[in-house]
Amino acid sequence: MARTAFVTEAGGPEKFEIRDVEVGDPGPGEIRIRHKACGLNFIDVYQRTGLYKLDYPHALGMEASGIVEAVGEGVTHLRAGDRAAYASAPPGAYCEERVMPAAQVCPLPDGISFEDGAAMMLKGMTAEYLFARTTPLSKGDTVLFHAAAGGVGLIACQWARSEGITLIGTAGSDEKCQLALDHGAAHCINYRTEDFEARVKEITEGRGVDAVMDSIGKDTFKASLNCLRPLGMMMSFGNASGPVPPVDLTMLASRGSLKLTRPTLFTHIGDPQTCQDMARALFDKVLSGAVTIRVGQSFPLERVGDAHRALEARETTGQTILTL
């Protein structure tokens, strides 16, 4: 039996319930993995609240690390006893042990701890596709990154620095801004005390940025468009403040033939080989020291509701994990 965190119905953190679940043997293309730690992400909040629909009751969680206990027929990239980590559908990572599809589970190098492995997969591979797969970015380019002191943000600050890309971050306090600067942001704007659009124009001497990477959503969308240079790319990859309202495409034309995309990690990792390639790129950044994973807070599985409350209140910095 494995303790597993379920959401009984769409709603607040009080909807979590810990249940004992019987874990069977893996079938073809599956593995059984015993978790050491689980990661938290805003997609988990969207699924809990019902913004992203699930059939309830449903186990939550999209990333974790642990030891492979058994592999099913046809699985060749993993063996029993391997260290592994993943960001993967279907939800269900908030648990001690599970049977799941093997395709997006990645061998975890010995030089990376289970805690870091659980904290880095979804957020780190998100940074990888933002910088490497969405629009051409190269040394000397400038990007605006919202929530720069968050889980994806601190990885993005370091990733940008390692690639010679100037990252202008935003965060909700001077302390969070300093954290982003310490992790490689060239500038960081406290959006509670400053107009980030005006500051970006000042920093770029009116040119604008080459790309915006925005997980906030509706509260930052229009001002972010105004921060782009002509032909710049808007990457809207999250909805922390709520979904972006319908967009009048003439806004893109009038602001300089802007480009707009709403990418998701799960589109990229849907191809198993691409998933493994993205994970290796992330592992290389971490093992080289270019990216350090910062676990800012951890909660035992039984306090998963408290973890969600902290995440939604933007009281977290870096990555948040559940320990088992």
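The model is predicted, and local features need pLDDT of at least 70, side-chain atom pairs count only at pLDDT 80 or more, and totals for chains, interfaces and linings use all residues, while side-chain values use heavy atoms, with hydrogens and water left out.

Two packed helices are described by the angle between their axes and the distance between the axes. The axes of α3 (residues 151–163) and α9 (residues 272–288) cross at roughly 80° and come within 12 Å. Here axes are lines fitted to C-alpha atoms, for helices over the stretch in contact, and angles run from 0 to 180 degrees between N-to-C directions. Helices (H or I, at least four residues) and strands (E, at least two) are DSSP runs, numbered from the N terminus. On the α3 side the contact (heavy atoms within 4.5 Å) is made by Trp159, Ser162 and Glu163, and on the α9 side by Ala281, Leu282 and Lys285. These residues divide into 3 nonpolar, 1 polar and 2 charged, where Ala, Val, Leu, Ile, Met, Phe, Trp, Tyr, Cys and Pro count as nonpolar, Asp, Glu, Lys and Arg as charged, and the others, Gly among them, as polar.

An open sheet of 6 strands has parallel pairing and the order β11-β10-β9-β12-β13-β14. Two strands pair if DSSP finds at least two bridges between them. The edge strands, β11 (187–190) and β14 (259–261), each pair on one side only. On average, neighbouring strands of this sheet are turned by 15° against each other, direction ignored. Strands β9 (residues 142–145) and β10 (residues 166–171) run parallel and are joined by 4 bridges. Val143 has Leu167 in β10 as its bridge partner. Helix α4 (residues 174–182) packs on the sheet and touches β10 and β11, and its direction makes about 165° with that of β11.

The loop between α4 and β11 contains His183. With a relative accessibility of 12%, His183 counts as buried (under 20% relative accessible area, against over 50% for exposed and partly exposed in between, with a 1.4 Å probe and protein chains only). Leaving out residues up to four places away in sequence, His183 touches Leu154, Cys157, Gln158, Arg161 and Arg294. His183 and Val295 are 112 residues apart along the chain, and their C-alpha atoms are separated by 13 Å.

The largest nonpolar core has 55 residues, and those with the most contacts inside it are Met121, Met125, Phe131, Leu167 and Met213. A nonpolar core is a set of buried Ala, Val, Leu, Ile, Met, Phe, Trp, Tyr and Cys residues joined through side-chain atoms within 4.5 Å. Helix α2 (residues 114–132) gives the largest share of this core, 11 residues. Apart from this core lies another, of 26 residues, which includes Val7, Val75, Tyr86 and Leu301. Phe131 is in contact with Leu137, Val143, Ala156, Trp159, Ala160, Ile165, Leu167 and Met213, its neighbours within four places in sequence being left aside.

A further open sheet, of 3 strands, has antiparallel pairing and the order β2-β1-β4. Strands β2 (16–21) and β4 (58–59) stand at the edges with a single partner strand each, so one side of each is left without a neighbour in the sheet. Strand β1 (residues 2–7) pairs with β2 over 6 bridges in the antiparallel sense, and with β4 over 2 bridges, also antiparallel. Phe6 stands opposite Glu17 in β2. Val7 has Phe16 in β2 as a bridge partner and stands opposite His58 in β4. Of the 6 residues of β1, 5 are buried.

In helix α10 (residues 304–312), the residues Val304, Gly305, Ala307, His308, Ala310 and Leu311 are buried. Their cover includes β1, β2, α1 (42–49), β15 (295–300) and β16 (319–323). Just after α10, Arg314 takes a positive phi of about 55°.

Terms used
Residues numbered from 1 in each chain as written.
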